[in-house]
Amino acid sequence: MKTEKKAVLVLDKISKSYGEGLVAVNQVSLSIRENEFFALLGPSGCGKSTLLRMLAGFETPTSGQIYLDGRDISPIPANKRPLNLMFQSYALFPNMTVAGNIAYGLEMERLPKDEIAQRVDAMLETAQLGDFAKRRPDQLSGGQRQRVALARALIKRPRVLLLDEPLGALDKKLREKMQLELKRLQHESGITFIVVTHDQEEALVMADRMAVLKDGQVSQCGSPNDLYERPDNRFVADFIGVSNLIEGRRVGGNQIEAGGQRLSIDSVLDAPPGDIALTLRPERLKVLGGEIGHCDNVVEGLVVEVAYHGLDTNLHVRTALSAKPLIVRVPSSEREFTTFTNGMPIRLGWNAQHARVLSC
């Protein structure tokens, strides 16, 4: 039986208001575990950066408490908290070498020179920066500068490392590479990471768990798999990845009616009576040939758009089930056997267990 790790950081009904009527964070409660990579995810203005700044001590909660290892750190100033915040800009000292930047925090603590040298050497190796120790920031690539900033934050061995959009300044290819680097550094350091991002794919790749925020409140918290496969509501279903929404009415048992057609849903799901909404991921829809196979639901449609993405092709298919076309993701390995064109009639199928009933 897997033992759950203890909570390192606990947020108890944290709120932040700016004057009358402007509530940035509203009654947020979260428990973040030891050696966990935790992501705060949401659109601009949802309160995620404000929440991170309260953890760092740069903002004071209007109400609620923040506990670190059971101790209320809400009244403790930022410079005395065992947490480090790494900014998107990295804020490296341009006149210092890589080694000098990494050593700076330890030098400010007036640690013995031998200990500083030993810890800097170890961190250079962990961050794979040994060959760049004598270079200055302007002689480094974006990814290398990011690793220097991470190494400078990690060398002080904070209890928790806070990262505000750490990959936002990088191009797509480098960002994807650095996602894995961040995860590796987090695993090797054993430090709890909390990252703020608006990039859903980034959070899915890196996080052990994540919280999706909307209007200053937690809309859902769980593992990436939980939030993607089992969203609790329309907002999470729509925000995490791509989703098809089908609205209808429950007609008894494990069936709903949408667009004049009866569809099977998973009888295990606790669906409310009357109006109902389902979410269905594009990769769960199958393009059917001459036989239905093992699909619980089949619908006829018309291809209205074909979007090629390299690894796969997205088909936009008009059906009677919803006003918007359903999006179907077809892997390239399957596409080579069929040529899809606009106006092409098509049949789609899916199994009941793959459609998620939404609570609101």
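Modeller: Let us start with Arg249, whose bridge partner in S12 is Glu257. This is a predicted model, in which local features need pLDDT of at least 70, side-chain atom pairs count only at pLDDT 80 or more, and totals for chains, interfaces and linings use all residues. Residues are numbered from 1 along each chain as its sequence is written, and side-chain values use heavy atoms, with hydrogens and water left out.

Colleague: How many bridges join strand S11 to strand S12?

Modeller: There are 3 bridges between strand S11 (residues 244-252) and strand S12 (residues 255-258), and the two run antiparallel. Strands here are DSSP runs of E with at least two residues, helices are runs of H or I with at least four, and both are numbered from the N terminus. Two strands pair if DSSP finds at least two bridges between them.

Colleague: What is the order of the open sheet?

Modeller: The order is S13-S12-S11-S14-S20, an open sheet of 5 strands with antiparallel pairing. Strand S13 (261-264) and strand S20 (355-357) are the edge strands, each pairing on one side only. On average, neighbouring strands of this sheet are turned by 45° against each other, direction ignored; the axes are lines fitted to C-alpha atoms.

Colleague: Now the charges. How many salt bridges does the structure hold?

Modeller: It holds 18 salt bridges, each defined as a side-chain nitrogen of Lys or Arg within 4 Å of a carboxyl oxygen of Asp or Glu. One of them joins Arg209 to Glu36, with the closest N and O atoms 2.6 Å apart. Arg209 lies in strand S9 (residues 209-214) and Glu36 in the loop between strand S2 (23-33) and strand S3 (37-41), so this pair ties together parts that are 173 residues apart in sequence.

Colleague: Are Arg209 and Glu36 buried or exposed?

Modeller: Both Arg209 and Glu36 are buried; buried means under 20% relative accessible area, exposed over 50%, and partly exposed in between (1.4 Å probe, protein chains only).

Colleague: Which residue forms a salt bridge with Asp226?

Modeller: Arg230 does, with the closest N and O atoms 2.4 Å apart. Asp226 is partly exposed at 29% relative accessible area, and Arg230 is partly exposed at 36%.

Colleague: Where is Asn233?

Modeller: Asn233 sits in the loop between helix H7 (224-229) and helix H8 (234-239). Asn233 is buried, with a relative accessible area of 9%, and its side chain reaches the backbone nitrogen of Phe235 at 3.3 Å.

Conventions. A polar contact is a pair of N or O atoms within 3.5 Å; within protein, one must be able to donate a hydrogen and the other to accept it, and residues adjacent in sequence count only if both atoms are side-chain atoms. Axes are lines fitted to C-alpha atoms, for helices over the stretch in contact, and angles run from 0 to 180 degrees between N-to-C directions.
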